[in-house]
Amino acid sequence: MLELYDYLKTCGVFYLATVEGDQPRVRPLHAAALVEGKLYFRVGKDKGVTAQLLQNPKCELCAFSGKDWLRITCKALPSGDSDVLAAVNHLHPLREGDGQPQLFYLAEGSAVRARY
């Protein structure tokens with residue numbers, strides 16, 4: 001997990017794909033942290049992404065850096081751990097308009113890393 005997290009940090013921005021009904025949804029993210037071996041990310045509780053993940057936790061993360069790319073296929077499970085949320089918020093301070101944060105962590109996943 002450390003290697004995946006380090007790669008995401010190198011990229012700065014990574015993309016999260018979810019499903020809403022039969023429509024894929026993709027959005028850029030940057031707020032991630034590795035805590036006790038789990039990779040966490042933060043999104044807004046009032047955003048569609050939160051509702052989508054709560055209904056169907058299957059998702060993919062994708063990142064690109066130079067000639068390398070990474071895709072993580074996994075489940076994103078909600079976390080109410082306030083200490084982890086504080087750590088994520090410390091690394092990635094909330095901005096005005098971000099709303100109430102929702103924390104998720106990656107589970108049951110696999111990763112593919114390749115070069116162009």
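**View 1. Gln 52, a buried residue of helix H2****.** In this predicted model, Gln 52 has a relative accessibility of 7% and therefore counts as buried, the limit for that class being under 20%. Gln 52 sits in helix H2, which covers residues 48–55. The side chain of Gln 52 makes a polar contact of 2.9 Å with the side chain of Arg 27. When neighbours within four places in sequence are left aside, the residues in contact with Gln 52 are Thr 18, Val 19, Glu 20, Arg 25 and Arg 27.

**View 2. Val 19 in strand E1****.** Val 19 belongs to strand E1, residues 14–20. Its relative accessibility is 35%, so Val 19 counts as partly exposed. Residues up to four places away in sequence not counted, Val 19 touches Gln 52 and Asn 56. The C-alpha atom of Val 19 is separated by 7.9 Å from that of Lys 58, and these two residues are 39 residues apart along the chain.

**View 3. A nonpolar surface patch of Val 13, Tyr 15 and Val 26****.** Together, the three residues Val 13, Tyr 15 and Val 26 have about 270 Å² of accessible area. Val 13 is in the loop that runs between helix H1 (2–11) and E1. With 38% relative accessibility, Val 13 counts as partly exposed.

**View 4. Pro 28 in strand E2****.** Strand E2 spans residues 23–29 and includes Pro 28. Pro 28 counts as exposed because its relative accessibility is 52%, and the class begins over 50%. Neighbours within four places in sequence aside, Pro 28 is in contact with Val 13, Phe 14 and Tyr 15.

View 5. Three aromatic pairs are found in a search of the whole structure. One of them is formed by Tyr 40 and Tyr 105, whose ring centres are 5.8 Å apart with 55 degrees between the planes, a tilted arrangement. Tyr 40 and Tyr 105 are both buried. Phe 41 and Phe 104 form a stacked pair, because their ring centres are 5.7 Å apart and their planes are at 20 degrees; the limit for stacking is under 30 degrees. Phe 41 counts as buried at 2% relative accessibility, and Phe 104 counts as buried at 0%.

**View 6. Glu 36 and Glu 108, residues with positive phi****.** Most residues other than glycine have a negative phi. Glu 36 has a phi near 50 degrees, which is a positive value. Glu 36 is located in the loop between strand E3 (32–35) and E4, and counts as exposed at 81% relative accessibility. The phi of Glu 108 is also positive, near 50 degrees. Glu 108 is part of strand E7. With a relative accessibility of 63%, Glu 108 counts as exposed.

Notes: Residues numbered from 1 in each chain as written. Predicted model: local features only at pLDDT ≥ 70, side-chain atom pairs only at ≥ 80, totals over all residues. Heavy atoms only, no water. Helix = DSSP H or I, 4+ residues; strand = E, 2+ residues; numbered from the N terminus. Buried < 20%, exposed > 50% of the residue type's maximum accessible area, 1.4 Å probe, protein only. Polar contact = N/O pair within 3.5 Å; in protein donor to acceptor, adjacent residues only side chain to side chain. Contact = heavy atoms within 4.5 Å. Patch = residues over 30% accessible without salt bridge, like charges linked within 9 Å, V, L, I, M, F, W, Y side chains within 5 Å. Areas by Shrake-Rupley, 256 points an atom, 1.4 Å probe, with all protein chains shown as cover. Salt bridge = Lys/Arg side-chain N within 4 Å of Asp/Glu carboxyl O. Phe/Tyr/Trp six-rings, centres within 6.5 Å; stacked < 30°, edge-to-face > 60°.
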